[in-house]
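Thanks for coming. I will take a few minutes to go through one protein, starting with a detail and ending with the whole chain. Please have the picture in view.

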Amino acid sequence: MQNYYYILGVPNTATVAEIERAYRQMHARMYRRATVDPALNDRLQAAYAGYQILADPRRRWAYDRLMQQEPESFALPVRPPDPTKVLLARAAPKARWVNWALLAFCLLLALDWVLPLREYANEPVLERQIVSISVSAANPQMAYDVFTPNTKFRLPSAIGHRAREGQFVTVWRTPLLRVVRKVSSPASPDGPEPFEPYGGGVYSGPMALLPFVLMGVAVVGVLPKRPAEVRVNTAVVGMLLWIVAVVLILIY
């Protein structure tokens with residue numbers, strides 16, 4: 001005998017209303033494909049036969065008595081777990097640790113920001129390299145990577161003359177990640193007033209919000225009772241933001 005409970009996807013304790021709802025949902029989902037797929041059509045016909053039997057209390061009672069003679073067939077339908085949910089559940093604990101690591105990185109950025117800047121006075125400019133910062137060939141833009149004995153920073157071409165080879169500059173950089181925050185060039189015609197290098201990295205300019213966004217994403221990922229999908233997604237987004245932050249630190 002066919003197990004109509006299994007075909008309809010309902011337990012053997014389902015009410016008539018639940019059986020009817022299950023059949024209607026199955027019919028709406030499979031009807032169009034069943035017209036061209038013989039296997040689906042047979043399944044839909046079996047579901048209709050099961051609906052007619054299980055929706056009638058007397059016929060259902062007789063059907064249940066017969067099915068009790070085949071206990072294996074009368075077992076509750078067991079649906080296989082969703083493989084995507086299984087993978088997310090397995091990855092969720094690791095994703096939470098990734099988010100904790102991203103939070104630690106944000107704290108490192110905060111500590112690097114609040115600690116006093118380290119000053120390098122009278123740094124000779126050893127070398128300047130021209131680099132392209134264009135986003136398209138139609139709008140070429142250039143900048144200079146400036147190297148001193150202890151630091152490296154980038155200047156836009158408009159103020160590239162403020163740090164020429166052989167000149168002495170004063171450089172202020174963060175103590176932990178060594179991000180150059182300010183530069184002063186007393187020998188420059190523009191005077192000794194400190195100026196920021198190109199872009200500002202993760203501490204100023206348009207990317208200054210990046211650490212705050214990264215921290216917000218990581219916090220969501222470590223909160224208790226978060227779904228596995230949330231933990232994994234926040235870890236993935238956080239890692240992408242972390243890569244951007246590291247690239248900015250390395251460049252600037």
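Start with Arg178, which is exposed, with a relative accessible area of 56%. Keep in mind that this is a predicted model. Arg178 lies in the loop that runs between strand E5 (168-173) and strand E6 (180-184). Its phi is near 60°, a positive value in a residue other than glycine.

Asn122 sits in a strand, E1, which covers residues 118-124. Is Asn122 buried or exposed? The relative accessibility of Asn122 is 57%, so Asn122 counts as exposed, the cut-off for that being over 50%.

Now to Leu155, in strand E4, residues 152-156. Leu155 has 0% relative accessibility and therefore counts as buried. Which residues does Leu155 touch, leaving aside those up to four places away in sequence? They are Ala143, Tyr144, Val146, Gly160, Ala163, Phe195, Pro197 and Tyr198. There is also a spacing to note: Leu155 and Ile130 are 25 residues apart in sequence, and their C-alpha atoms are 9.8 Å apart in space.

Leu111 belongs to helix H5, which spans residues 83-114. With a relative accessible area of 41%, Leu111 is partly exposed. Along the chain, Leu111 and Thr174 are 63 residues apart, while 9.6 Å separates their C-alpha atoms.

Next, please find helix H2, residues 16-34. Where does H2 bend? The bend is at Ala28, and it is about 35°. The buried residues of H2 are Ile19, Ala22, Tyr23, Met26, Met30 and Ala34. As for what covers these buried residues, the cover includes helix H1 (4-8), helix H3 (38-54) and helix H4 (57-67).

That leaves the whole protein. How many helices and strands does the protein have? There are seven helices and six strands. In sequence order the pattern is α-α-α-α-α-β-β-β-β-β-β-α-α. The overall form is more spread out than a compact globule, because the radius of gyration is 34 Å, well over the 18 Å that the globule rule gives for 252 residues. Taken along the principal axes, the C-alpha atoms fill a box of roughly 100 × 40 × 25 Å.

Of the 252 residues in the protein, 36% are buried. Among contacts between residues at least 6 apart in sequence, 58% join residues at least 24 apart. The accessible surface comes to about 15400 Å², and carbon and sulfur atoms account for 61% of that surface.

The last item is charge. The protein has 28 positive and 19 negative charges.

Technical notes: Residues numbered from 1 in each chain as written. Predicted model: local features only at pLDDT ≥ 70, side-chain atom pairs only at ≥ 80, totals over all residues. Heavy atoms only, no water. Helix = DSSP H or I, 4+ residues; strand = E, 2+ residues; numbered from the N terminus. Rg over C-alpha atoms; globule rule 2.2 N^0.38 Å. Buried < 20%, exposed > 50% of the residue type's maximum accessible area, 1.4 Å probe, protein only. Contact = heavy atoms within 4.5 Å. Areas by Shrake-Rupley, 256 points an atom, 1.4 Å probe, with all protein chains shown as cover. Lys, Arg positive; Asp, Glu negative; His and termini not counted. Charge placed at Lys NZ, Arg CZ, Asp CG, Glu CD. Bend = angle between axes of the 7 residues up to and from the residue.
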